[in-house]
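Dear colleague,

Please find the structure that I am handing over to you below.

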Amino acid sequence: MKLGKKELIMLYTNLLRARRADERIVKALQEGKVVSFYHSGQGSEAVGVGACSFLRNDDYLYPHHRGHGLAYILPKGASMKAHMAEHFGRATGMAGGVAGFHGVDPEHGIFGGGGTIGSQFPVSAGWGLGAKKNNRGQVVLCCFGDGSSNRGTLHEAMNLAAVWKLPIVWICENNLYAQFMPIKDAYPREDIADLAHGYNMPGVVVDGQDVIAVHEAVSAAVERARNGAGPSLIECKTYRYRSHSEGSADIAHAEPRPAEEIEAWKKRDPIKLFQEHLLKEGILTTADVERIEKEVMAEVDEAEKFALESPRPDPSILPKLLYQE
Ligand SMILES: Cc1ncc(C[n+]2csc(CCOP(=O)(O)OP(=O)(O)O)c2C)c(N)n1
Ligand SMILES: [Mg+2]
């Protein structure tokens, strides 16, 4: 799909929505308004936004856990208010405010995630089988990290999906680390996309800071899957700007992550890169950039206000550990 001005601005806006909502949740957590932990997605938004902005409503999405799905689920149609309210532990949240740290919105084909890394593979294979049997051309996007690719469940699911030609696009958000473990010390090759050859499917490496590159690779794989040609694997090379989760040490093994590495990736901020590109091409003016910033901030303010004004869930349905007034 060739993108016109409207679609390009939509991609830019989605990048900004994911970033600003993520920043607000981090701030709210620091202020004690958010009830639990948070895995920030700042730095890798182009992966989810590039992959999910042009999916069909009835396509199935298993979002990655960075930003607790923000960059994936917002472009797929999920509500920022419901995501925010979930994190504030409110009844209007995506999962009623009781447990939704993984994006969920069944009306938009997002059936939630799981806390167990690697659970997305067999679950997505099941959805892929369902999609194939439905025969409506639905596609499944299964998103995971570099560390998750080391789970044995990947083999079972990718093998079955390849044999049965299931309509699945496997999307690896390779941010070079699994918590404190550098992927170079946990995987013997350079590219996780190489795994695809073992399952007789295309394996593509893309620049995960480039939202257009991600979009192009994913839409080719989506088309292939819709046409019955089976699964593909897309590896997006990216980075996370914050620590694994808020409050945890920002380390590789037991040492701080290298400052020069963080700086180099910040120079390739996906939003900055895309904004520069759109300004240069005359798609956006500086006035447009300011207007979009204001609109997105208004959406984020409104989402936070909605969350804060929403009621707490009925305590009788809450696991004891989660409920604090
Ligand atoms: C089976 C399992 N092991 C460990 C964890 C704890 N854990 C949560 S996220 C994470 C890192 C996953 O790394 P990766 O797949 O690269 O994703 P990233 O967090 O880097 O985006 C770990 C170890 C878990 N949730 N499930
Ligand atoms: Mg990782």
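How many bridges join β1 to strand β2? There are three, and the two strands run parallel, with β2 covering residues 140–145. Within this pair, Y60 is placed opposite V140 of β2. Please note that the model is a predicted one.

The sheet

The two strands belong to an open sheet of five strands, ordered β1-β2-β3-β7-β6, in which the pairing is parallel. At its edges are β1 (60–62) and β6 (203–207), each of which pairs on one side only. From one strand to the next, the twist averages 20°. Helix α5, formed by residues 120–134, lies across β1, β2 and β3 (168–174). Relative to β2, α5 runs at about 170°.

The ligand

The shell comprises 16 residues, of which the closest are I117, G145, G147, S148 and A178. Sorted by class, four residues of this shell are nonpolar, nine are polar and three are charged.

Two helix pairs involve α1, and I describe them in turn. In general, a pair of packed helices is described by the angle between the axes and by the distance between them.

Helix α1 (residues 5–30) meets helix α2 (residues 45–52) with axes that come within 9 Å and cross at roughly 135°. On the α1 side the contact is made by L11, N14, L15, A18 and R19, and on the α2 side by E45, A46, G48 and V49. Five of the contact residues are nonpolar, two are polar and two are charged.

With helix α11 (residues 286–309), the axis of α1 crosses at roughly 40°, and the axes again come within 9 Å. The two helices are therefore oblique to each other. Here too, α1 passes α11 in a right-handed crossing. From α1, the contact draws on Y12, T13, L16, R17, R20, A21, R24 and A28. From α11, it draws on I292, E293, V296, M297, E299, V300, A303 and E304. By class, this contact of α1 with α11 has nine nonpolar residues, one polar residue and six charged residues.

With kind regards

Definitions and conventions: Residues numbered from 1 in each chain as written. Chains lettered and ligands numbered in written order. Predicted model: local features only at pLDDT ≥ 70, side-chain atom pairs only at ≥ 80, totals over all residues. Pairing = 2+ DSSP bridges. Helix = DSSP H or I, 4+ residues; strand = E, 2+ residues; numbered from the N terminus. Axes fitted to C-alpha atoms, helices over the stretch in contact; angles between N-to-C directions. Contact = placed C-beta atoms within 7 Å. Nonpolar A, V, L, I, M, F, W, Y, C, P; charged D, E, K, R; others polar. Near = placed C-beta within 6 Å. Parallel < 35°, antiparallel > 145°, perpendicular 65-115°, else oblique. Left-handed = near helix turned anticlockwise from the far one by under 90°.
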